Amino acid sequence: MQALTALRLRDPVVDAARHKLVAGESLTQEEGVRLFEAPVMELGLLANAYARSKHGDRVYFTVNRQLNPTNVCVLACRFCDYAKKPGAEGAYTMTEEQILAHVDDEITEIHIVGGLHNKWRFDDYLGIIRSVKAKKPSLSIKAYTAVEIDFFCRLTKKPADWVLTELKAVGLDALPGGGAEVFSERVRRELFQQKIGARRWLEIHEVAHRLGIPSNATLLYGHIETRAERIQHMIDLRELERRAPGFFAFIPLAFQPGTTGLVRRQASAIEDLRTIALSRLMFDNVPHVKSYWVMLGQDTAAAGINFGASDMDGTIGVEKIAHAALAKSPVGVAKESMVQTIREAGKLPVERDALYRVIREFPRHESAAAAVAATA
Ligand code: V47
Ligand code: SF4
């Protein structure tokens with residue numbers, strides 16, 4: 001708390017929020033909405049100090065791959081440029097060999113997510129985890145969003161605890177945070193009417209947490225949602241974490257407009273930084289907020305780790321979802337580049353696995369690393 005108590009702020013609204021956080025109180029919906037209007041640098045100072053009170057200067061990342069086994073999807077969310085109808089041009093379904101090519105010596109985490117395939121059965125999805133685990137048993141597997149879990153429940157006519165127990169038995173370690181979008185019925189009706197809403201998403205993550213499967217949570221922002229809806233989304237997740245703890249990280253995903261025609265341009269970098277800061281301040285009971293470089297771009301993501309984020313996700317390899325929506329970021333980055341970005345932002349890089357077990361802490365400066373290597 002030292003970082004928060006010592007902080008001097010000029011803006012009365014941001015300083016009132018600081019007092020509440022020092023007292024261990026959560027911010028309300030009204031306070032969150034008002035904070036969105038506050039001077040951005042003051043918000044950044046507070047969110048950065050709050051992140052430092054939890055993690056010091058450490059910023060986590062993982063050496064991972066994103067695996068999207070198929071883009072064939074029976075749904076048609078209006079914001080999604082990734083999914084294709086069966087047989088449509090550009091539709092793909094990977095073979096086992098193509099899937100296993102994503103599993104190499106370097107990685108410690110794999111993030112698997114894809115479409116709801118019209119021909120696949122639950123066994124096909126189980127088989128992917130099974131074969132990835134067989135190729136590299138030490139790999140942490142973060143796979144299948146609540147939307148996919150709900151699809152498996154419908155395929156098998158079984159409840160979520162059965163589906164999740166089966167997945168855990170073959171090697172699933174954690175659930176990713178995708179598919180949450182925005183917990184607003186208004187937005188759901190407009191953009192993803194056929195897909196599960198807030199109640200079911202929260203229920204599936206609650207079941208996962210109770211079964212000892214940790215998870216993440218996302219927010220898709222920068223389309224037709226309001227700031228008040230973003231704040232309510234964070235509060236709903238915060239309440240779930242109180243009832244059934246198990247979130248590792250919250251990831252605000254900057255909407256990539258692609259060819260959807262929903263908005264003319266992506267949210268501005270300032271709006272991104274405000275959203276990261278608000279995520280940190282509102283979601284006080286989740287360990288990490290991620291600055292997801294794939295959707296933010298590397299420069300804004302690097303700024304994000306001075307605005308409350310304490311995680312940069314991973315090196316990723318070939319990302320398909322944001323890039324189908326024309327994201328300008330590279331498809332993957334090297335580990336050295338990740339370390340360099342975190343250092344340039346004045347933070348301490350820490351390599352982790354999907355369960356946030358520390359693999360390696362890097363020194364603050366490259367020269368220190370070189371000195372250690374030279375004396376070793
Ligand atoms: O579920 C789809 C979203 C999600 C677009 O858990 C889009 O560690 C932006 O969930 N623009 C997949 N977003 C990505 C995801 C994720 C990413 C990184 C880390 C983790 C984690 C999870 O991407 C989807 C959907 O909500 N999405 N289309 C788009 N055009
Ligand atoms: Fe399918 Fe997911 Fe795209 Fe919706 S967001 S169309 S469920 S792949």
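A pocket, for these notes, is an open set of grid points where a 1.4 Å probe fits, with protein on both sides within 12 Å along at least five of seven lines. A molecule counts as sitting in one if more than half of its atoms lie within 2 Å of the pocket's grid points. I'm working from a predicted model.

**Ligand 2**

I looked up where ligand 2 is, and it sits in the largest pocket. Next I listed its neighbours: Cys-73, Leu-75, Cys-77, Phe-79, Cys-80, Ala-83 and Lys-195. Sorting that shell by class gave me six nonpolar residues, one charged and no polar ones.

**Ligand 1**

I found 22 residues around ligand 1, the closest being Lys-142, Gly-177, Gly-179, Glu-181 and Lys-290. By class, I noted 11 nonpolar, seven polar and four charged residues in this shell.

**Polar contacts of ligand 1**

I went through some oxygen contacts one by one. Gly-179 uses a backbone N or O atom, 2.9 Å from an oxygen of ligand 1. Asn-216 has a side-chain N or O atom 2.9 Å from a ligand 1 oxygen. For Lys-290, I read 2.7 Å between a polar side-chain atom and an oxygen of ligand 1.

How much of ligand 1 does the protein bury? Taken alone, ligand 1 exposes 620 Å², and the protein buries 96% of that.

Methods
Residues are numbered from 1 along each chain as its sequence is written. Chains are lettered from A and ligands numbered from 1 in the order in which they are written. This is a predicted model: local features need pLDDT of at least 70, side-chain atom pairs count only at pLDDT 80 or more; totals for chains, interfaces and linings use all residues. Side-chain values use heavy atoms; hydrogens and water are left out. A residue is near a molecule or strand if one of its heavy atoms lies within 4 Å of it. On a 1 Å grid over the protein atoms alone, a cavity is a set of points where a 1.4 Å probe fits but cannot get out, and a pocket is an open set with protein on both sides within 12 Å along at least five of seven lines; lining residues have an atom within 4 Å of a point. Ala, Val, Leu, Ile, Met, Phe, Trp, Tyr, Cys and Pro count as nonpolar, Asp, Glu, Lys and Arg as charged, and the others, Gly among them, as polar. A polar contact is a pair of N or O atoms within 3.5 Å; within protein, one must be able to donate a hydrogen and the other to accept it, and residues adjacent in sequence count only if both atoms are side-chain atoms. Accessible areas come from the Shrake-Rupley method with a 1.4 Å probe; for residues, only the protein chains shown count as cover.
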